[in-house]
Amino acid sequence: MADLKLAESFALIALNAQRSLELTLAKKAALRCMAAAVILELHLEGELQHPEAQRSLKQDQAGGPQEWIYRKAVIEPLVNGKRELNRELLWWLHRASRLSKGKLVRFERSIADSLKERGLLEEIPHLLGCDLYFHSSGVSIKEYRSNLEEYARITEYLRADVLEDGRAAEQSVCLLWLLRESGCMHDLFSRNELDQVTVKMVSLMQSDPLAKVLYPFRIRRGLEAAAKQFLQFKKHAVATQTGSGVNFLFPILERSQAVFIDTEAMLSGPGTRLKDVLARLESKGHRVQVLRTGQVPLLKIDNLVYEAIPHAVYGRVPIHGVRLLPKHPV
């Protein structure tokens with residue numbers, strides 16, 4: 001079991017299934033929240049509160065162990081040229097969450113490389129590469145895959161800490177806020193569980209000193225408008241002939257597409273369809289676990305769970321297969 005800091009734990013959640021070579025809207029939101037996670041990590045360790053620690057922070061810009069070099073990528077632009085670092089937590093969070101595109105990319109590389117060296121993160125072909133149109137055209141897209149065991153450990157602990165009664169750990173308090181701001185909350189909690197999460201966050205905001213400061217603060221105002229427009233687009237898509245019958249229930253910032261995998265035979269039975277789907281996924285390097293068989297199989301692909309819904313694409317010749325749709329939570 002890896003001994004992970006807050007920013008590293010959140011990075012394994014936020015980067016998982018993100019495109020590794022492109023700065024998408026979803027990944028940009030994740031990176032801004034990952035930069036904020038570095039600030040919260042330092043805050044929990046007392047590095048931002050005490051004058052002596054702040055002087056040390058300014059001198060070595062969070063040098064520390066080699067695997068913590070990702071801290072420097074966030075702290076260096078913030079402390080550079082600043083005479084006074086005795087700032088409130090929200091000042092640090094505001095500045096960190098508004099790093100430029102170039103600095104975010106540099107930060108991504110530093111933390112991703114650190115996690116890769118420890119065997120906690122890898123790059124694999126993107127799930128979209130299994131889609132009929134991407135597969136037939138030979139388009140190559142890469143995505144991050146977090147270590148399956150470590151991802152399960154982090155998410156299962158957080159779910160238990162949040163959904164069960166009792167006081168939540170400080171790291172869980174921070175992770176809840178980071179999940180909300182990054183749009184990753186749906187990756188860990190079902191729609192019914194989100195009601196419990198809301199109640200928990202309200203309770204924490206009333207009783208926990210850190211939550212009182214942190215939870216009212218928002219760092220993705222600009223993204224909210226874009227997300228709202230995207231949700232309207234998905235609503236209209238479902239109303240079309242192509243979208244009818246397909247349940248487009250994705251997170252607010254879409255992290256995976258409704259991948260269509262064609263099958264070898266038309267109108268094939270559930271067993272044959274599942275065999276064809278597994279063959280395509282495994283040929284692209286994905287680790288697949290069948291959680292449920294039947295007419296609509298449930299598959300755990302890498303770290304996320306999908307329903308494999310029978311579907312057909314109509315053109316000159318109908319193409320039969322399955323549509324992989326995210327099913328939350330993990």
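In this predicted model, serine 146 touches Leu12, Asn16, Leu120, Leu121, Tyr151 and Asn303, when residues up to four places away in sequence are not counted. Serine 146 is found in strand β2, which covers residues 142–146. With a relative accessible area of 1%, serine 146 is buried, because the term applies to residues under 20% relative accessible area.

Two of the residues touched by serine 146, Leu12 and Tyr151, also take part in a contact between helices, in which Ser9, Leu12 and Ile13 of α1 meet Glu150, Tyr151, Ile154 and Thr155 of α8. By class, the residues in this contact of α1 with α8 are four nonpolar, two polar and one charged. Two packed helices are described by the angle between their axes and the distance between the axes. For helix α1 (residues 6–14) and helix α8 (residues 148–163), the axes come within 10 Å and cross at roughly 110 degrees, and α1 is therefore roughly perpendicular to α8.

A second pair of helices was described in the same terms. The axes of α2 and helix α6 (residues 101–117) come within 10 Å and cross at roughly 70 degrees, so that α2 is likewise roughly perpendicular to α6. On the side of α2, the contact is made by Lys27, Lys28, Leu31, Arg32, Met34, Ala35 and Val38, while α6 contributes Leu104, Phe107, Glu108 and Ile111. When the residues of this contact of α2 with α6 are divided by class, seven are nonpolar, none is polar and four are charged.

The largest nonpolar core has 85 residues, and those with the most contacts inside this core are Ile39, Trp177 and Leu324. Helix α2 (residues 25–44) supplies the largest share of the core, namely eleven residues. Tryptophan 177, for its part, touches Ala36, Leu40, Leu93, Leu214, Tyr215, Phe217 and Ile219, again leaving aside residues up to four places away in sequence.

The strands of the model include a group of five that form an open sheet in the order β3-β7-β6-β5-β4, with antiparallel pairing. Strands β3 (259–262) and β4 (288–292) stand at the edges, and because each has a single partner strand, one side of each is left without a neighbour in the sheet. From one strand to the next, the twist averages 35 degrees.

Terms used
Residues are numbered from 1 along each chain as its sequence is written. This is a predicted model: local features need pLDDT of at least 70, side-chain atom pairs count only at pLDDT 80 or more; totals for chains, interfaces and linings use all residues. Side-chain values use heavy atoms; hydrogens and water are left out. Helices (H or I, at least four residues) and strands (E, at least two) are DSSP runs, numbered from the N terminus. Buried means under 20% relative accessible area, exposed over 50%, partly exposed in between (1.4 Å probe, protein chains only). Contact means heavy atoms within 4.5 Å. Axes are lines fitted to C-alpha atoms, for helices over the stretch in contact, and angles run from 0 to 180 degrees between N-to-C directions. Angles under 35 degrees count as roughly parallel, over 145 as roughly antiparallel, 65 to 115 as roughly perpendicular and the rest as oblique. Ala, Val, Leu, Ile, Met, Phe, Trp, Tyr, Cys and Pro count as nonpolar, Asp, Glu, Lys and Arg as charged, and the others, Gly among them, as polar. A nonpolar core is a set of buried Ala, Val, Leu, Ile, Met, Phe, Trp, Tyr and Cys residues joined through side-chain atoms within 4.5 Å. Two strands pair if DSSP finds at least two bridges between them.
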